[in-house]
Protein chains: 2
Amino acid sequence: MSEAVFRAVPIEAHQPILNSIKFTSDGLVPAIAQQHDTGEILMMAWMNRESISETLASGRVCYWSRSRGKLWRKGESSGQVQNLVDFRWDCDGDTLLLLVEQKGVACHTGRRNCFFNAVRDGEVRVVAEPEVDPDELYG
Amino acid sequence: MSEAVFRAVPIEAHQPILNSIKFTSDGLVPAIAQQHDTGEILMMAWMNRESISETLASGRVCYWSRSRGKLWRKGESSGQVQNLVDFRWDCDGDTLLLLVEQKGVACHTGRRNCFFNAVRDGEVRVVAEPEVDPDELYG
C-alpha cells in the first residue's frame, strides 16, 4: 500500500487553480479518477468549483452529483472513499485527472471500477464481476 | 511493443453497442484514451455515433471535434494515430474508455499526454515538458 498523500491546499490558494479550469455553462468540469499506483481508471464524474475547493482543502474527493443536484462526498454512504494523491488538469483546462487511493470499490455496482462493458466477438459483454454486494455498500 | 490489436467490429453489429451508450442532447459522449499497457491517461475527447462506428470498424480512433464541428481522425494531420486495443464503457453508459496504442505523443503541445498541469506547494505548475516540437507535428 502506497503512503502517497496529497498535500492539502489552503482555501486562499484555490483561486489561481480554479481560474485555470474551464467550466461548462452549467459550472461543471468532468473528472477522471485513476488509482494512483496501478493506473486503473476507476470512474468519471463531474465537479464544480465548490467540490474542487472542498477536495483540495480536505484531500478527500468530493464530486458534484448532477442527478441529485448536490455535493457528492464519494464514499459518504458506502465508506468507499477516495483519498486524493494528485490533482491534475489537461492542456485545454476542461478535464480533470484525480490520482487517488481508492478504498474498496469505486463502482456503485460493487465492481472495482465502472468500465466493465466491452465488445467481445462483436457483441456487448460484461467483463468484470462485482467484488462486493451493492446491498452491503448501501444497505 | 505490444502486439495487442482490436478485432474490428463490422458495421451491422454496431447498433446494440450504440444502444448501450447514453449520448448528451448534442449527441456526444466523453471518451477517455488510455495507453493500454502502461495505464497512462493520454487525453479526453468526445465522440458521436458516427465517430464510434468508424472507430469500431477501422480499429483506428476517430473523435468528434466540438470546436471544428466535424469528425476528427486522431493523427490525421500529425501522424500521431491511436490504434484501438479495447473499447469499453461505464456502468451508466455515459463515458467511454478507449484502450489504445498511441503512436508518438497524444497532446497537441507535443507532450505525451494532456494532463501536465498540477498543484505543487499550493501553486499551479506544469509537470511535464514537450517531447516533440508542435511545429514539427503540424508544420
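In the predicted model, Trp89(A) has Asn117(B) of strand S7(B) as its bridge partner. This bridge belongs to an antiparallel pairing of S5(A) with strand S7 of chain B (residues 117–120), formed over two bridges; two strands are taken as paired if DSSP finds at least two bridges between them. Helices (H or I, at least four residues) and strands (E, at least two) are DSSP runs, numbered from the N terminus. The model is predicted, so that local features need pLDDT of at least 70 and side-chain atom pairs count only at pLDDT 80 or more, while totals for chains, interfaces and linings use all residues. Residues are numbered from 1 along each chain as its sequence is written, chains are lettered from A and ligands numbered from 1 in the order in which they are written, and side-chain values use heavy atoms, with hydrogens and water left out.

The interface between the chains was examined next. Chain A and chain B each contribute 39 residues to the contact, where contact means heavy atoms within 4.5 Å. About 3,100 Å² is buried between chain A and chain B, with carbon and sulfur atoms giving 66% of this area; buried area is the accessible area (1.4 Å probe) that two parts lose on being put together, summed over both. On the side of chain A, the residues that lose the most area to chain B are Trp89(A), Cys91(A) and Phe115(A), which together account for 20% of what that side buries.

Six salt bridges are found across the interface of chain A and chain B, a salt bridge being a side-chain nitrogen of Lys or Arg within 4 Å of a carboxyl oxygen of Asp or Glu. A salt bridge joins the side chains of Asp121(A) and Arg7(B), at 3.1 Å from N to O. Twelve residue pairs, both members at pLDDT 80 or more, are in polar contact between chain A and chain B. A polar contact is a pair of N or O atoms within 3.5 Å; within protein, one must be able to donate a hydrogen and the other to accept it, and residues adjacent in sequence count only if both atoms are side-chain atoms. The side of chain A that touches chain B receives two or more residues from each of helix H1 (14–19), S1, strand S2 (41–47), strand S5 (82–89), strand S6 (96–102) and strand S7 (117–120) of chain A. By class, this side of chain A has 22 nonpolar, eight polar and nine charged residues; Ala, Val, Leu, Ile, Met, Phe, Trp, Tyr, Cys and Pro count as nonpolar, Asp, Glu, Lys and Arg as charged, and the others, Gly among them, as polar.

Phe115(B) lies in the loop between S6 and S7 of chain B. With a relative accessibility of 1%, Phe115(B) counts as buried; buried means under 20% relative accessible area, exposed over 50%, and partly exposed in between (1.4 Å probe, protein chains only). Leaving aside neighbours within four places in sequence, the contacts of Phe115(B) include Ile32(A), Arg88(A), Trp89(A) and Leu97(A) in chain A, and Ile41(B) and Met44(B) in chain B.

In chain B, seven of the seven residues of strand S6 (residues 96–102) are buried, so this strand is largely enclosed by the rest of the structure. Leu96(B), Leu98(B), Val100(B) and Gln102(B) point one way from S6(B), whereas Leu97(B), Leu99(B) and Glu101(B) point the other way. Strand S1 of chain B (residues 29–35) runs parallel to S6(B) and is joined to it by five bridges, with Val100(B) as the bridge partner of Gln35(B). Strand S5 of chain B (residues 82–89) pairs with S6(B) in the antiparallel sense over seven bridges, and Phe87(B) has Leu98(B) as its bridge partner. S5(B) and S6(B) form a hairpin with six residues between them, and Gly93(B) in the turn has a positive phi of about 70°.

A second hairpin is made by S3(B) and S4(B), with four residues between them and a positive phi of about 65° at Gly69(B) in the turn. Strands S3 (residues 62–65) and S4 (residues 70–73) of chain B pair in the antiparallel sense over four bridges, and Trp72(B) is the bridge partner of Tyr63(B).

In chain A, Gln35(A) is placed in strand S1 (residues 29–35) and is buried, with a relative accessible area of 2%. The side chain of Gln35(A) makes a polar contact with that of Asp37(A) at 2.7 Å.
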